[in-house]
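Here are a few friendly notes to read alongside the structure. They look at strand pairing and at charged side chains.

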Amino acid sequence: MAAWDLSVTVEELGPEAPPVKVTVTSDLHMGGVILRIVEKTQIKMDWSDHALWWEQKQQWLLKPSWTLDKCGIHADARLTLIAQRKPLRIILPNGLNLRLRACFSTPVFQTTIAVCHPLNIRHPEELSLLRPVEGTKNKKECSEEEVHDLTKLQYTSGPVLTLANGMPVHFAASPDTEAMYKMLSVSSPAPAPEAISKRCHPTGLVDKAQPQSRWLDSSRCLMQQGVQENDKLLLCFKYYCFRNLVPKYDAVRLTQLYEQARWAILLEDIDCTEEEMMLFGALQYHIDKVSQSEPQLRSSCTAMDDLDSALQLLEVKMETKSNTEDIMETMTVAPELHDYLKMLRPKRFTLKGYKQFWFTFKDTSISYYKSKEESLKEPIQQMNLKGCEVSPDVRVSSQNFCIKLLIPEPDGMNEVYLRCANELQYSNWMAACRLASKGKTLADSSFSSEVQNIQSFLAMQRTSSGTNITRTDESINPQSFVSTRYHKKYRDKQLMARILDAYQNVAHLSLTDALDKFLQIWQALPDFGVSYFVVRFKGCRKDEILGIANNRLLRIDLSTKEIVKTWRYNTMRQWNVNWDIQQVAIEFNGNVNIAFNCVTATCKIVHEYIGGYIFMSTRSREQSDTLNQELFYKLTDGRHLATI
Amino acid sequence: MVAGSQTEINLSIGFTDLNESLNELEDNDLDALMAALGSELDATEEKLRLNRLAGDQRRVSDSSRGQPLATPPTDHTEGEATLCPGEAETKADKIRIALEKLKEATIKKLVVRVWMVDGSNKTLMVDEKQTVREVLDNLFEKTHCDRSQDWCLCETNPELQIERGFEDHEYLVEPLSAWTRDSKNQIHFLLKPQKYALFKDPQERQFLSETKQKDKDILLRENFEGPSLKVPNLEGPLYVKEDGKKTWKRRYFLLRASGIYYVPKGKTKSSTDLVCFLQFDKVNVHTALDYRQKYKAPTDYCFVLKHPCIQKESAYIRFVCCEDEHCLSLWVNSIRVAKYGTRLYKSYQTAVRRALVPSSTLCLTPQSVSRPSTPSTTHKAPATANSYSHHSEQKQLATAPPAVEEDYLSEPPPDFIPPSPPGGRRNVV
């Protein structure tokens, strides 16, 4: 067989070095070719990760036993010997910029799995990589951004071993990596309002469709898609069906999901009502506060603590006194509040102002008397606050501390305003009212934390109302928790009052519960989980929107934003892609056929989205841990894998 | 037997004297009830009650407060405990029993009269730990009815002309505590096909044409077995009674998980324009009767949203009127889903299971043990003690995550033919 020269560029020799020429015959296998090149370079190193990349065909030559002939390589082929695993910059949903080694030769689906593995993100099939927005300002920012290098992280390919606190063992190696893990698993502090307004806000469905065009093709490798070493890619949740989120194991996953959801809301990627926005704001404030103060306490065990302390208390009592009656006495003595407060009933159409009474707070009821001396007599009135609505009316600057109560009674709501003299009094009574409205008494263990919550909120108001006071690091701007729409609509003070209103319903939640609640409300939004694409249906002249969700396809009118038609996957018979004319055709039960061309994204992305969601639904309970990758490719690839 | 004629529709909550109230109850269950109460009556307790009645007259707590070991079973366990003193285990037991007693002492109990379909009534004792489900089971046993999942305990308020079926997971005592002393409200035990209609015919809410059982199952699973609440997509015009006026205003309403919203005049349906009409945290949804006459409503298909405590006409009640009966049931049932979420579906599943259990085996099922209303107090203490310790165990488990991924399925199973490979080819090797 005739011998011929094959020229191969070797990455290790530097960009300027001329290609290495080796003499080969057509029946030489790829392994042999690599061996000869390596011998010729005379560099002693571990070449096991290197493979040949065929530039003209944009292909990896990964099968060492295949011959040159079988691969179809002739003397004109330009081949490069390069490492398959190279550093890549990954930006997480919380904005964290990581540098880690990723494989450039496996399909992106597997690369994503490999990237998620050391980060301990379970169910990586729900995530994927997409290109960042190309912009001119990116270059400027590049230098400022802090990059966290994870390329030196040592980890095994097997199941991730974690420490008791959920941290993977490989992060425990040094304090640096431990700090890194904390950044991954604890939600980042509230962004500055400028950071929210600076990022682009989608103004319509067409804008919302733009990011979808940036997803990488899961079935092709990074190299084939023009991704270079050290390029930046975003790692995001792509499919909105989050399987089996368990706070203990999914610290990173949960945090990143929360961050993605938070930004979707702050940037109005997903629409919500004002009430919902305020609740999201309150939850963000709460999560922010709890995760900054005690990041170690991941799960709530207050109930158990209560029981334990109660048992201990009881134990002590039982040892000292055997008389049960005494125990009952001491256990049932409930704490009380009493003070002079001013009261106003706004219901009556009089010009009467606030009037002072002697108030006592016991269990869940407020009673009031003419004066302290008369408190042994029958009260003027007793009001049970269980189920009532409590809202604050506070202006620290003018020393106005009011509690507005709306107490349900058989014939309607009883409106009562209580005015306190100072912050301390206000926080105690407010906390008592809030607990009572939930049916809890002053004896409840959450009382002191409730008081603290109120006080910290007052502190927040102090800092935001006094403009001339320089902001400390602890001061919080309410604008950080809502989208820019509300920056314009409300002044800081009003905004904070609204967030405070919503906050009282969530202030008692633990970090995990608050995260969970945030995600729950996010997932309950009507537009949740719909990815938009601008398409043109066959036979139609105007652009329309195709919405892809986890169980259905939506046809949306571009101008009215109305959903015109819904098709469910379970009524789907088959779908086809005509790659030549870039058309997706779907057949549903009952001879319903649709076909469309994609305008904003390639039809591969649309095809992959539909197939991906169907794949997600095939993840059954039994085969929970092994991912059927073959099925994924079958459903999303659209052609047979073309790796040689 | 003083005030007990069939027409007398007074429910005996809020009596001042136990004996007097017992006199009012005329029923076959009276004997059993007397036995239950009688065993707990003694002088000290009477004293305690008198003290407490001054504060809350509705409370009929049985209270072995200050009565060390009044009931035989606790006596027994306590006896065992003293047999092996000094051991940590017995101490823990003692503490648990003591805690249990503390709990028992403050359990609120009510004697309620439930009206049957045939106009007769039965009297039950309900304590605050009992769910409506348990009370229903109790009634199944008493009435030997067919145990269909449509059986419902329904509260009527004649003054407002409204009614509401209690949800199975509710604690019956809670809504009853909101009744006034002279309340004309009643509880009825009846078949209400609307109770779980949305689970039996889920496609109706979604306006879908498919009615195959398989598709129904998928809809149910998708909407109610997922990790998060899926509120039905519901929107349309409704009439609202304007505050303090006799007129009804037509508005376009939308239901969301966070509440009911309407589209303000001249605005679009986009989320940011919507005005919140009401949030569900503190209101219940009731259906109204004959409002065309009472409030000059456009139709008779009205529902009412109000705080459970409000019993009389008030500006704080929201009156809403629908175009037709179908629309009314859609709104009422969807609001229930938005308010209660997956709990409602779980109750439905329990109700279906209950309907399948033959009556003979039901007595052996655990709930007969955990039902604290069983007349004989002898079982009460140990049973509740068990359930208590079990409870704390559950809490412990809840904080630890499940090792295997279970009770979770958010998507429909793949019951379609996998797609054929795409028609076109690419220029691949």
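Is B:R354 buried or exposed? With a relative accessible area of 11%, B:R354 is buried. Please keep in mind that this is a predicted model.

1. Let us stay with that arginine. The side chains of B:D137 and B:R354 meet in a salt bridge, with an N to O distance of 2.3 Å. The pair links distant parts of the chain: B:D137 belongs to helix 6 (residues 132-143) of chain B, and B:R354 to helix 13 (residues 342-356) of chain B, 217 residues apart. B:D137 is buried as well, at a relative accessible area of 2%, which is under the 20% that sets the limit for buried residues.

2. This pair is also part of a wider set of contacts. A network of salt bridges links B:D137 and B:R354 with B:R133, B:D168 and B:K195.

3. A salt bridge joins the side chains of A:R253 and A:E126 (3.0 Å, N to O). Because A:R253 sits in helix 8 (residues 251-266) of chain A and A:E126 in the loop between helix 3 (108-119) and strand 8 (127-130) of chain A, the contact ties together parts that are 127 residues apart in sequence. A:R253 has a relative accessible area of 0% and is buried; A:E126 is buried too, also with a value of 0%.

4. A partly exposed pair is worth a look next. In chain B, B:R250 forms a salt bridge with B:E323, and their closest N and O atoms are 2.8 Å apart. Here again distant parts of the chain are linked: B:R250 lies in strand 7 of chain B, while B:E323 lies in the loop between strand 12 (318-321) and helix 12 (325-340) of chain B, 73 residues apart. B:R250 is partly exposed, with a relative accessible area of 48%, and B:E323 counts as partly exposed at 35%.

5. For the overall tally, a search of the whole structure finds 32 salt bridges over all chains.

6. Strand 7 leads on to the sheet pairing. Strand 7 (residues 248-256) of chain B pairs with strand 8 (residues 259-262) of chain B in the antiparallel sense, over four bridges. The two strands form a hairpin with two residues between them. Within this pairing, B:L255 stands opposite B:I260 of strand 8.

7. Strand 8 of chain B has a further partner: strand 9 (residues 275-278) of chain B, antiparallel to it over three bridges. On that side, B:I260 stands opposite B:L278 in strand 9.

Key: Residues are numbered from 1 along each chain as its sequence is written. Chains are lettered from A and ligands numbered from 1 in the order in which they are written. This is a predicted model: local features need pLDDT of at least 70, side-chain atom pairs count only at pLDDT 80 or more; totals for chains, interfaces and linings use all residues. Side-chain values use heavy atoms; hydrogens and water are left out. Two strands pair if DSSP finds at least two bridges between them. A salt bridge is a side-chain nitrogen of Lys or Arg within 4 Å of a carboxyl oxygen of Asp or Glu. Buried means under 20% relative accessible area, exposed over 50%, partly exposed in between (1.4 Å probe, protein chains only).
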